[in-house]
Amino acid sequence: MLPLVLASSSIYRRELLSRLRLPFTCASPSIDETPLYGEAADSLVRRLATEKAGALTREHPQHLIIGSDQVAVLNGQILGKPHDLPRAREQLQSASGNSVTFLTGMALLNTSSGILQVDCIPFRVHFRQLDEACIERYLAAEQPFDCAGSFKSEGLGVSLFRSTEGEDATSLIGLPLIRLVDMLLAEGVQIP
């Protein structure tokens, strides 16, 4: 098996990938994540996942590199990471009683053969009606300022949901393991 590299500094993605019990290293790619003018959300996450994997090619010429990127979409608008309390509060107020679609782009690049596999995995979250006090308690408890949509589904954020729908719950956290296993199997990686 070619050495595996996760092109991410995300602790959430690192924790997910470790579930597959494969040896891997992490490297943080440096790319411009600005959306292109008129770029659709699914195109954006596919492009950024591909660019993240490609950014590490020179340092990892005989590797399998995993790139991933995620956006949340509410009423046709992309919600990024809030980075601060006011934006997180605003995102959760907007999500209250609504459905948010999370799109996770993922790329697996074999730098030895040049073979690139890319996909976009959707996952929908239907939010409960959230009052101001609930939002404030949640934000104080988890401070999810580095998470698209302003919540951590692997933590207390699940209490904000009415229901979820999608093929792979790990895509909500940022690395769709079911689809990744498909990609790795196509590269001859044995799992388990």
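A: Let's begin with Asp-69, which counts as buried, with a relative accessibility of 6%. That is well inside the definition, since buried means under 20% relative accessible area. Keep in mind that we're looking at a predicted model.

So where does Asp-69 sit? You'll find Asp-69 in strand β3. Its side chain makes a polar contact with the side chain of Lys-52, at 2.8 Å. If you skip residues up to four places away in sequence, Asp-69 also touches Arg-13, Glu-33, Val-45, Leu-48, Ala-49, Leu-103, Thr-104 and Gly-105, along with Lys-52. There's a label on Asp-69 too: in UniProt, an unreviewed entry has an "active site" annotation that covers Asp-69, though annotations like this may be inferred rather than shown by experiment.

Arg-13, one of the residues that Asp-69 touches, takes us to helix α1, which runs over residues 11–18. Arg-13 is buried there, and so are Tyr-12, Leu-16 and Leu-17. These four cover an arc of only 130 degrees around the axis, so they lie on the same side of α1. What covers them? The cover includes strands β1 (4–6), β2 (24–26) and β3 (64–74), plus helices α5 (170–173) and α6 (177–186). Notice that β3, part of this cover, is the strand that holds Asp-69.

Now slide to the start of α1. Here a side-chain oxygen of Ser-10 reaches to within 3.2 Å of the backbone nitrogen of Tyr-12.

Next comes Ser-9, in the loop between β1 and α1. Is Ser-9 buried or exposed? Ser-9 is exposed, with a relative accessible area of 52%. Leaving aside neighbours within four places in sequence, Ser-9 is in contact with Arg-14 and Ser-28. Ser-9 and Ala-27 are 18 residues apart in sequence, yet 6.7 Å apart in space, going from C-alpha to C-alpha.

Note on methods. Residues are numbered from 1 along each chain as its sequence is written. This is a predicted model: local features need pLDDT of at least 70, side-chain atom pairs count only at pLDDT 80 or more; totals for chains, interfaces and linings use all residues. Side-chain values use heavy atoms; hydrogens and water are left out. Buried means under 20% relative accessible area, exposed over 50%, partly exposed in between (1.4 Å probe, protein chains only). Helices (H or I, at least four residues) and strands (E, at least two) are DSSP runs, numbered from the N terminus. The arc is that of the directions from the helix axis to the C-beta atoms. Contact means heavy atoms within 4.5 Å. A polar contact is a pair of N or O atoms within 3.5 Å; within protein, one must be able to donate a hydrogen and the other to accept it, and residues adjacent in sequence count only if both atoms are side-chain atoms.
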